[in-house]
Amino acid sequence: MREVYKSGSIRSDMTVLDVVAEWEKTQDVFGRYDAQAGECICCNALFETLEDVAVRYGLDLEGLLAELDKAAG
């Protein structure tokens with residue numbers, strides 16, 4: 001079983017859709033990561049967990065969670 005990382009209310013096992021549906025301002029965070037990912041994360045990984053997104057695109061999961069949590073307020 002995977003370990004779930006948590007930053008505030010946002011957890012690594014949540015999907016991109018879960019996050020943007022609950023906290024609209026997090027879309028901007030994903031937008032900032034699009035260049036590093038090489039594609040639109042919200043367009044191409046909407047149903048993937050944050051952990052899977054981090055692995056797929058080589059992103060720092062803890063950093064991503066912290067930025068999403070900050071944007072979520």
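Aspartate 13 is partly exposed because its relative accessibility is 36%, where partly exposed lies between buried (under 20% relative accessible area) and exposed (over 50%), with a 1.4 Å probe and protein chains only. This is a predicted model, in which local features need pLDDT of at least 70 and side-chain atom pairs count only at pLDDT 80 or more, while totals for chains, interfaces and linings use all residues. Residues are numbered from 1 along each chain as its sequence is written, and side-chain values use heavy atoms, with hydrogens and water left out.

**Salt bridges**

- The structure holds 4 salt bridges, each a side-chain nitrogen of Lys or Arg within 4 Å of a carboxyl oxygen of Asp or Glu.
- Aspartate 13 forms one of them with arginine 11, at 2.9 Å from N to O.
- Arginine 11 is partly exposed, at 32% relative accessibility.
- Glutamate 67 and arginine 32 form a salt bridge at 3.4 Å, N to O.
- Glutamate 67 belongs to helix α5 and arginine 32 to helix α2, so this pair ties together parts that are 35 residues apart in sequence.
- Arginine 32 is exposed at 54% relative accessibility, whereas glutamate 67 is partly exposed at 30%.
- Glutamate 39 and arginine 56 form a salt bridge at 3.1 Å, N to O.
- Glutamate 39 sits in the loop between α2 and α3 and arginine 56 in helix α4, so the pair ties together parts that are 17 residues apart in sequence.
- Glutamate 39 is partly exposed at 29% relative accessibility, and arginine 56 is partly exposed with a relative accessible area of 42%.
- A network of salt bridges links Glu39, Glu48 and Arg56.

**Helix α2**

- Helix α2 covers residues 26-37, has 12 residues and reaches 16 Å from its first C-alpha to its last, close to the 16 Å expected at 1.5 Å a residue.
- That expected span is 1.5 Å times one less than the number of residues.
- Helices (H or I, at least four residues) and strands (E, at least two) are DSSP runs, numbered from the N terminus.
- Thr26, Val29, Phe30, Tyr33 and Ala37 are the buried residues of α2.
- Seen down the axis of α2, these buried residues fall within an arc of 90°, so they line one face of the helix; the arc is that of the directions from the helix axis to the C-beta atoms.
- On the other side of α2, Asp28, Arg32 and Ala35 are exposed.
- Just after α2, glycine 38 has a positive phi of about 85°.
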